Amino acid sequence: MTAPGTSTAAGPGALPVRVAEPGLPARVTIYEVGPRDGLQNETSVVPLEVKAAFVRRLVSAGLPVVEATSFVHPRWVPQLADAADLVEELREGPTFPHPVLVPNERGLDRALEAGCAHVAVFASATETFAEKNLNSTVADQMTMFAPVVRRALDAGADVRAYVSMCFGDPWEGPVDPGAVVRVGCALLELGATQLSLGDTIGVGTAGQVGDLVRRFGAAGVGPERLALHFHDTYGQALANVHAGLQAGVTTFDASAGGLGGCPYARSATGNLATEDLVWFLTGLGIEHGVDLDALVATSTWMAEQLGKAPASAVVRALGT
């Protein structure tokens, strides 16, 4: 039996070779966003039964957290119009265990009605993206999110907060890290338990990542409360993960097969592929609990459902 994260699918012996790097965390949590962030930008609607099978296969592969869908208005993201049906299809008890995104109070109402116990809100660090994505301003978005977070917590739900455009914005260019810290701290003050910092268009560099995590530390927010969410537009996602590990971050978002993008930021390519992240972490001797073979099989299957080649380099290498 191979250890989680190793593979016998290619070449002699178990790959990748593990060589631990001193000073890095011993274990990380991979927060899988494929079923939500990965599929939301697909133009052809994925059938409900395929989405449900995708989530189940990801869970079976050992992903500890799988974000299932978003209770966004169907007009905004038609791909996720079946959110309530998907939750019902996957329900195994009185509450739904997988996180879901809620854009506003109406989305929260629908999520709570469906029994969701983990919700996420999505804010912006820049004015232009706040206007285009939320029809709001950076300051006013907090007024919108305050009742969402409060009511979710009152209902016993856990709340995660995303901040988008943390490193660069397609309309405004480089982003002031101080603005990111202000928005992130405001969300945590509202009651969010974890803050995911997003490189929405994939322009971030390792130096920026370390600097931003340190700035949050100076503001009283330790790396244990942070997650990092990278896109791989310029091939920097794994270098940025390494910088995050060096800074003490232990939660990283990723999307199976490298699915995803951003429907409101056309320059964004796919998310960091979960398989690429698993290979990278395994090579560093960092535990993650994911079965790479099962994950590759799942992403290969999902790519076939979508009629497209997987974006993940590891899937291309091992999935043949």
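Residues are numbered from 1 along each chain as its sequence is written, and side-chain values use heavy atoms, without hydrogens and water. Because the model is predicted, local features need pLDDT of at least 70 and side-chain atom pairs count only at pLDDT 80 or more, while totals for chains, interfaces and linings use all residues.

Me: Within what arc do the buried residues of helix 4 fall, seen down its axis?
Reply: Helices (H or I, at least four residues) and strands (E, at least two) are DSSP runs numbered from the N terminus. In helix 4 (residues 105-113), Gly 107, Leu 108, Arg 110 and Ala 111 are buried, that is, under 20% relative accessible area with a 1.4 Å probe and protein chains only (exposed is over 50%, partly exposed in between). These residues line one face of the helix, because the directions from the axis to their C-beta atoms fall within an arc of 160°.

Me: Which residue caps the N-terminal end of helix 4?
Reply: The cap is a side-chain oxygen lying 3.3 Å from the backbone nitrogen of Arg 106. That oxygen belongs to Asn 104.

Me: Is helix 8 roughly parallel or roughly antiparallel to helix 9?
Reply: The axes, lines fitted to C-alpha atoms over the stretch in contact, with angles from 0 to 180 degrees between N-to-C directions, come within 8 Å and cross at roughly 30° for helix 8 (residues 206-218) and helix 9 (residues 237-246). Ala 206, Val 209 and Gly 210 of helix 8 meet Ala 239, Asn 240, Ala 243 and Gly 244 of helix 9, contact being heavy atoms within 4.5 Å. Angles under 35 degrees count as roughly parallel, over 145 as roughly antiparallel, 65 to 115 as roughly perpendicular and the rest as oblique. Helix 8 is therefore, relative to helix 9, roughly parallel.

Me: How many residues of helix 10 are buried?
Reply: Helix 10 (residues 274-283) is largely enclosed by the rest of the structure. Its buried residues pack against strand 1 (29-32), helix 9, strand 11 (251-254), helix 11 (292-306) and helix 12 (313-318). Among them are Glu 275 and Asp 276.

Me: With which side chain does the side chain of Arg 160 make a polar contact of 2.8 Å?
Reply: Arg 160 lies in strand 6 (residues 158-164) and counts as buried because its relative accessibility is 3%. A polar contact is a pair of N or O atoms within 3.5 Å; within protein, one must be able to donate a hydrogen and the other to accept it, and residues adjacent in sequence count only if both atoms are side-chain atoms. The contact of 2.8 Å is with Asp 253.
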